[in-house]
Amino acid sequence: MRIAVIGGGPGGLYAAALLKRLDPAREVTVWERNAPDDTFGFGVVLSDETLGGIEHADPVVYAALQRDFVRWDDIDIVHRNARHTSGGHGFAALGRRRLLRILHDRCRSLGVELRFRTEAPDVQRLARTHDLVVAADGVHSTTREAFADVFRPRITGHRCRYVWLAADFAFDAFRFEIAETEHGVMQLHGYPYARPSSGHRPSTRPSGPRDQGASTVIVEMREEVWRAAGFDEMEESESIERCAKIFADALGGRPLKSNKSAWTTFRTVVNERWSHGNVVLLGDAAHTAHFSIGSGTKLAVEDALSLAASLREQPSIGEALTAYEAERRPVVASTQRAARASLEWFENLDLYLGQPPRRFAFNLLTRSRRVTHGNLRLRDARFTEAVEREFGCPPGTPPMFTPFRLRGLTLRNRVVVSPMDMYSAVDGVPGDFHLVHLGARALGGAGLVMTEMVCVSPEGRITPGCAGLWTGRQTEAWRRITDFVHTRAPGTAIGVQLGHSGRKGSTKPMWEGMDEPLDEGNWPLVAASPLPYKPGSQLPRELSRAQLTDIREQFASAAARAARAGFDLLELHCAHGYLLSGFLSPLTNLRTDAYGGSPEKRLRFPLEVFDAVRAVWPEERPVTVRISATDWADGGTTAEDAVAVARAFAAHGADAIDVSTGQVVADEKPEFGRSYQMPFADRIRHRAGVPVIAVGAISSWDDVNSLILAGRTDLCALARPHLYDPHWTLHAAAEQGYAGPGADWPAPYLAGSRPPQTGRTDAPKPRLTLGSRRPAPPPSVTAPRTRPPRP
């Protein structure tokens, strides 16, 4: 087999070494256009997981790396003259040049041909003359561009400028330092990659031995800050001196040095496909992940391990490339989601500057959502407990079980059962199903249980099975449910969500065809503008001024009935493309009158409805508003628009904003992932200064603790987890060993407040093993007996 590797970075070199080691008969050639020591950046960080893979695949490379690695456990966060250290993290790093030399030596010892200062031949020619072409030619991959119609790359630029630099001493820890300058906020990311030759602990003071090791130093800031500070007009040397001066405390007054260090912006690379014929992408050519989670080299090395293993395991190159991509794609996608969360956290760093320093440090450490509250307690319990005390957690109380006050209502914990449409009412009347459904979740320990969207009129229903509040009979049925919650689940609040379907009405229940029109019995629809939700949907009529007044009064009447029904909180549904949401989005509101056009005019009718509801709702009871913070579609509501919408509702008296996203237009392209809507709630909380309820794939109590303690949200609303387990909150308390006022078990359920015992899964271990006797093989591989055993 003849193999061509384009690119002599760590990923390409390691792939070449593995492919040659697994089959010495292979002819493997690496083309690298630069000299052997030419490289971008200084240090490389690898995880224990990646090192474990290297150790199993190539002990020679692993041993060489071990001799040069700098290892440390601590992360230092310096913010407003306060330094907080979190331990137990476990890092390993070495110089990038040293890593390349180790891989060069390994490749040569195995017989790989290395061609430096040599441009690779045209990739199509290589594909004809070789059995396999590995394109490890980096973020600016010419191979990827040559087959762009097949790989279909999507490259996204970001808002920060950064530069790779180095310092001639080793930091004690992975250091994050924040500088608030007259031009804006800047940050330093620094970590050691070379030990001091004397073996003494490094110091940031300039005195001491000449060789004190080396550290990577990355300086990063928003583009507008970079320009305001004049970096766009500085020569390289002046720019480096300026960075050293800004972060003089971190550097102990030492200078910074450069290695082809130019300010650049990070680009996230995603490809729809990773292979074409016998050409395969690897490392940055296939994908990138922001440096703030240290995954670039890690991902490339793991790609090489997976590719080599797939070629060994599969009968053909085509099947091997398919297996390689199938194995790596979900891992890379997960890493890129974490990297995107980390990147955006640093892009929006100014949101968090006002946090207490220790809480700011916790927020930074958990920014990617890979490090969580529970995970951090295992790594550094002392640090985590200090953050909890600063937050106000009583001893032994997880953050999720601290109370939260909205107007005159105090919630005993931070868990909300999110509104979930049940489509099980008859003529808008909630029945036994609703009593059991909502009652079970109230008994399950959540601080607040929300109804499904309760419609304000028959024409405002989504489906014929939607619940309503337009008659006295419906009011009495809801009263039966709130009485049960208040009597049998004291301490649990129950809220009602009021809404009108708008152009998304007159459809089938979800399980019969979501958003599909009824086969018969349709009712006419109304909306901000006469636009169907999707092809095949019913065309709504544009609401007249008189109809707007009627609907506003329907909302007010429903709110008054909700108050009589005994609800503790009311939420106005202005999300998901329903009627009020349809006014807010520029994609669904094309009106030219006083209710359309500018953002202020699009807000006018939803605010009129809010004011009408607030006027009849009891003063001491809170009102929240659910919004879609983005339409996930070009030309739609943006994150900044959502902040303005939240501010407007808060100015009119909203007590909290329930921050959801999407479902406004049918051709949306959401970016799903764990707690994927969280950044929108976080931004609104800090920009608009209003309490928020976060929703969207928050599935674990560890997530809830992390988000609450980091200050990204005030409450967490969970839907599917409460369908899976009505007692999710009580079980979360039991699993954390918490028993307190934030999670009172109903008296009849007290016997279940401890996790039940499970069947034994481990077998007793033998007490004595005789070394002279070979142990018998396990039963699964014992040869079948042909005669009875001897006594």
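A crossing of two helices is left-handed if the near helix is turned anticlockwise from the far one by less than a right angle, and right-handed if clockwise. Helices (H or I, at least four residues) and strands (E, at least two) are DSSP runs numbered from the N terminus. The model is predicted: local features need pLDDT of at least 70, side-chain atom pairs count only at pLDDT 80 or more, and totals for chains, interfaces and linings use all residues. Residues are numbered from 1 along each chain as its sequence is written, and side-chain values use heavy atoms, with hydrogens and water left out.

Start with strand β26 (residues 656–660).

Strands pair if DSSP finds at least two bridges between them. β26 pairs in the parallel sense with β25 (residues 623–628) over 5 bridges, and Ser628 stands opposite Ser660. With β27 (residues 692–694), β26 pairs in the parallel sense over 3 bridges; here Ile657 stands opposite Val692. The chain reaches β27 from β26 through helix α23 (residues 678–688).

Helix α22 (residues 639–651) packs against α23 at an angle of about 50°, with the axes 9 Å apart. α22 passes α23 in a right-handed crossing.

Key:
Right-handed = clockwise from strand over helix to strand, strands pointing away. Axes fitted to C-alpha atoms, helices over the stretch in contact; angles between N-to-C directions.
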